[in-house]
Amino acid sequence: QVRLVESGGGLVQSGGSLRLSCAASGSIYVTHAMGWYRQAPGKQRDLVALISHDGSTNYVDSVKGRFTISAGNATNTVYLRMNSLKPEDTGVYYCNADIATSLLSRSHYWGQGTQVTVSS
(Lines give C-alpha, C1' and ligand atoms only; values in the text may rest on other atoms or scores of the structure.)
Protein backbone atom coordinates (compact mmCIF):
# COMPACT_ATOMS: atom_id res chain seq x y z
CA GLN A 1 0.00 0.00 0.00
CA VAL A 2 0.98 3.61 -0.55
CA ARG A 3 0.28 6.46 1.82
CA LEU A 4 0.51 10.20 1.15
CA VAL A 5 0.81 12.63 4.04
CA GLU A 6 0.37 16.35 3.49
CA SER A 7 1.12 19.34 5.68
CA GLY A 8 1.47 23.09 5.51
CA GLY A 9 -2.00 24.48 4.93
CA GLY A 10 -3.49 27.29 6.95
CA LEU A 11 -4.99 30.76 6.99
CA VAL A 12 -3.11 33.59 5.31
CA GLN A 13 -3.90 37.09 4.17
CA SER A 14 -4.07 38.02 0.52
CA GLY A 15 -0.56 38.52 -0.82
CA GLY A 16 0.93 36.10 1.68
CA SER A 17 2.77 32.83 1.17
CA LEU A 18 2.47 29.21 2.22
CA ARG A 19 4.40 26.04 1.50
CA LEU A 20 2.69 22.68 1.24
CA SER A 21 4.55 19.41 1.70
CA CYS A 22 3.66 15.88 0.68
CA ALA A 23 5.50 12.68 1.44
CA ALA A 24 4.69 9.32 -0.09
CA SER A 25 5.60 6.10 1.64
CA GLY A 26 4.94 2.39 1.29
CA SER A 27 5.59 -0.20 -1.39
CA ILE A 28 6.83 2.18 -4.07
CA TYR A 29 8.59 0.80 -7.13
CA VAL A 30 8.57 3.91 -9.32
CA THR A 31 7.03 7.35 -8.80
CA HIS A 32 6.05 8.62 -12.25
CA ALA A 33 4.68 11.98 -11.15
CA MET A 34 3.41 13.91 -8.16
CA GLY A 35 1.08 16.85 -8.14
CA TRP A 36 -1.26 19.12 -6.27
CA TYR A 37 -4.97 19.50 -6.88
CA ARG A 38 -7.33 22.09 -5.44
CA GLN A 39 -11.00 21.79 -4.62
CA ALA A 40 -12.84 25.00 -3.86
CA PRO A 41 -16.19 24.87 -2.05
CA GLY A 42 -18.89 23.56 -4.36
CA LYS A 43 -16.47 22.96 -7.21
CA GLN A 44 -14.66 20.02 -8.72
CA ARG A 45 -11.11 19.05 -7.88
CA ASP A 46 -8.71 20.56 -10.43
CA LEU A 47 -5.01 20.18 -11.12
CA VAL A 48 -2.86 23.05 -9.87
CA ALA A 49 0.70 21.84 -10.49
CA LEU A 50 2.49 18.67 -11.53
CA ILE A 51 6.08 17.47 -11.48
CA SER A 52 7.12 14.44 -13.47
CA HIS A 53 9.85 11.88 -12.83
CA ASP A 54 12.15 13.74 -15.22
CA GLY A 55 11.67 17.00 -13.33
CA SER A 56 9.41 18.65 -15.87
CA THR A 57 6.62 20.77 -14.41
CA ASN A 58 3.18 21.96 -15.44
CA TYR A 59 0.94 24.59 -13.90
CA VAL A 60 -2.61 25.77 -14.35
CA ASP A 61 -2.55 29.23 -15.92
CA SER A 62 -4.01 30.93 -12.85
CA VAL A 63 -0.99 30.08 -10.68
CA LYS A 64 1.86 30.50 -13.18
CA GLY A 65 4.48 32.87 -11.81
CA ARG A 66 3.12 32.58 -8.26
CA PHE A 67 3.34 28.87 -7.38
CA THR A 68 6.37 26.61 -7.64
CA ILE A 69 6.28 22.83 -7.40
CA SER A 70 9.49 21.05 -6.53
CA ALA A 71 10.76 17.65 -5.53
CA GLY A 72 12.30 17.29 -2.12
CA ASN A 73 15.75 15.93 -1.37
CA ALA A 74 14.08 12.96 0.25
CA THR A 75 12.68 10.42 -2.16
CA ASN A 76 8.99 10.69 -2.97
CA THR A 77 8.44 14.12 -1.48
CA VAL A 78 7.01 17.15 -3.20
CA TYR A 79 6.50 20.76 -2.19
CA LEU A 80 4.24 23.52 -3.43
CA ARG A 81 5.47 27.01 -2.69
CA MET A 82 2.59 29.46 -3.03
CA ASN A 83 3.36 33.18 -3.22
CA SER A 84 1.15 36.19 -3.79
CA LEU A 85 -1.85 34.22 -2.63
CA LYS A 86 -5.31 35.42 -3.63
CA PRO A 87 -8.72 34.68 -2.10
CA GLU A 88 -9.55 32.58 -5.16
CA ASP A 89 -6.72 30.23 -4.20
CA THR A 90 -8.80 29.13 -1.21
CA GLY A 91 -9.68 25.46 -1.11
CA VAL A 92 -8.62 22.04 0.02
CA TYR A 93 -5.32 21.07 -1.56
CA TYR A 94 -4.77 17.40 -2.27
CA CYS A 95 -1.50 15.70 -3.07
CA ASN A 96 -1.66 13.11 -5.83
CA ALA A 97 0.97 10.59 -6.87
CA ASP A 98 1.17 8.39 -9.94
CA ILE A 99 3.00 5.38 -8.52
CA ALA A 100 3.89 1.92 -9.67
CA THR A 101 4.12 -0.59 -6.86
CA SER A 102 5.48 -3.22 -9.24
CA LEU A 103 6.15 -3.73 -12.96
CA LEU A 104 2.47 -4.64 -13.43
CA SER A 105 0.70 -2.37 -10.98
CA ARG A 106 0.34 1.40 -11.32
CA SER A 107 -2.24 3.67 -9.71
CA HIS A 108 -2.98 7.19 -8.58
CA TYR A 109 -2.97 7.79 -4.84
CA TRP A 110 -4.39 10.70 -2.87
CA GLY A 111 -3.53 12.42 0.36
CA GLN A 112 -6.12 13.43 2.92
CA GLY A 113 -6.10 17.08 1.88
CA THR A 114 -5.00 20.26 3.61
CA GLN A 115 -7.08 23.42 3.87
CA VAL A 116 -5.73 26.69 2.49
CA THR A 117 -7.75 29.82 3.25
CA VAL A 118 -6.76 33.20 1.87
CA SER A 119 -8.52 36.18 3.41
CA SER A 120 -9.01 39.43 1.53
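Predicted model: local features only at pLDDT ≥ 70, side-chain atom pairs only at ≥ 80, totals over all residues.
## The disulfide

The structure holds one disulfide. A disulfide is a covalent bond between the sulfur atoms of two cysteines. Here the two cysteines are C22 and C95, and their sulfur atoms are 2.1 Å apart. The link of C22 and C95 is left-handed, with -85 degrees about the S-S bond.

C22 belongs to strand β3 (residues 18–26) and C95 to strand β9 (residues 91–102), so the bond ties together parts of the chain that are 73 residues apart in sequence. Both cysteines, C22 and C95, are buried.

## The nonpolar core

The largest nonpolar core has 26 residues. Within this core, the residues that touch the most other members are L4, W36, F67, V78, L80, M82 and Y93. Eight elements are listed here as giving two or more residues to the core: β1 (2–7), β3, β4 (30–39), β5 (45–52), β7, β8 (77–82), β9 and β11.

F67 can be followed in detail. Leaving out residues up to four places away in sequence, F67 touches R38, V48, Y59, L80, R81, M82, N83, L85, D89 and Y93.

## R66, a buried arginine

R66 sits in the loop between β6 (57–59) and β7 (67–71). Is R66 buried or exposed? R66 is buried, because its relative accessible area is 10%, and buried means under 20%.

The side chain of R66 has polar partners. One is the side chain of D89, joined to that of R66 by a polar contact of 2.8 Å. Another is the backbone oxygen of S84, which lies 2.9 Å from a polar atom of the R66 side chain. Apart from neighbours within four places in sequence, R66 is in contact with R81, M82, N83, S84, L85, K86 and D89.

## Q112, a loop residue

Q112 is placed in the loop between β10 (105–110) and β11 (114–119). Which residues does Q112 touch, not counting those up to four places away in sequence? They are L4, V5, E6 and Y94.

Q112 and N73 are 39 residues apart along the chain, and their C-alpha atoms are separated by 22 Å.

Notes:
Residues numbered from 1 in each chain as written. Heavy atoms only, no water. Helix = DSSP H or I, 4+ residues; strand = E, 2+ residues; numbered from the N terminus. Buried < 20%, exposed > 50% of the residue type's maximum accessible area, 1.4 Å probe, protein only. Polar contact = N/O pair within 3.5 Å; in protein donor to acceptor, adjacent residues only side chain to side chain. Contact = heavy atoms within 4.5 Å. Disulfide = S-S within 2.5 Å. Core = buried A, V, L, I, M, F, W, Y, C linked by side-chain atoms within 4.5 Å.
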